[in-house]
Amino acid sequence: MAKRKRSNHVKFAMDAAAASAHTGITLWYRLPLFGLASLAPMMERRLEGARMVDEKLAAMVEGIVQANIEAVRLTSAALTGRLGAEDIAGAPASIAAAGMRPAFRAVRANARRLHRRSLRSDS
């Protein structure tokens, strides 16, 4: 029996749901940092602010590249006749998932990093 492949739509929806949970965790830890930012030294505020902007820009650029790579892959598969009807229907979701994957990864990494940092400061 052939292994059943998960639909791109379902996988993308699951990834988006996980990313929203990780976004909530990140905001839970970062919002108090913004409130206390006036008490933190200027250098610490600048470093955290620069890190937030840099990681978002990096994820955006990587997402654009990955979405384009996926679009080229799908186009070449369509031109060579290797793309089935279900693959054509899932092409937009596949491109969107490829483009959002770096952002989802960055959100998950932020949530983990901030949670670990919070556990260290509580000890």
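Buried here means under 20% relative accessible area, exposed means over 50%, and partly exposed is in between (1.4 Å probe, protein chains only). This is a predicted model, where local features need pLDDT of at least 70 and side-chain atom pairs count only at pLDDT 80 or more, while totals for chains, interfaces and linings use all residues. Residues are numbered from 1 along each chain as its sequence is written, and side-chain values use heavy atoms, with hydrogens and water left out.

View 1. Of the 123 residues, 25% count as buried. Among contacts with a separation of 6 or more, 81% come from residues 24 or more positions apart, a contact being heavy atoms within 4.5 Å.

**View 2. T26 sits in helix 1, residues 8–35.** T26 counts as buried, at 9% relative accessibility. Setting aside neighbours within four places in sequence, its contacts are V107, N110, A111 and L114.

**View 3. E55 and K56 pair up in a salt bridge, at 3.8 Å from N to O.** The term covers a side-chain nitrogen of Lys or Arg within 4 Å of a carboxyl oxygen of Asp or Glu, and the chain has four of them. E55 counts as buried because its relative accessibility is 18%, whereas K56 is partly exposed at 47%.

**View 4. R105 and E62 meet in a salt bridge, at 2.6 Å from N to O.** This one ties together distant parts of the chain: R105 belongs to helix 4 and E62 to helix 2, 43 residues apart. R105 is partly exposed at 37%, and E62 is partly exposed at 33%.

**View 5. E70 and R73 form a salt bridge, their closest N and O atoms 2.7 Å apart.** The two are about one helical turn from each other because they are three residues apart in helix 2. E70 is buried at 13%, while R73 is partly exposed at 43%.

**View 6. V53, L57, M60, V61, I64, V65 and I69 make a nonpolar surface patch.** Patches take residues with over 30% relative accessible area and no salt bridge, joining like charges within 9 Å and nonpolar side chains (Val, Leu, Ile, Met, Phe, Trp, Tyr) within 5 Å. I64, in helix 2 (residues 42–79), is partly exposed at 46%.

Key: Areas by Shrake-Rupley, 256 points an atom, 1.4 Å probe, with all protein chains shown as cover. Helix = DSSP H or I, 4+ residues; strand = E, 2+ residues; numbered from the N terminus.
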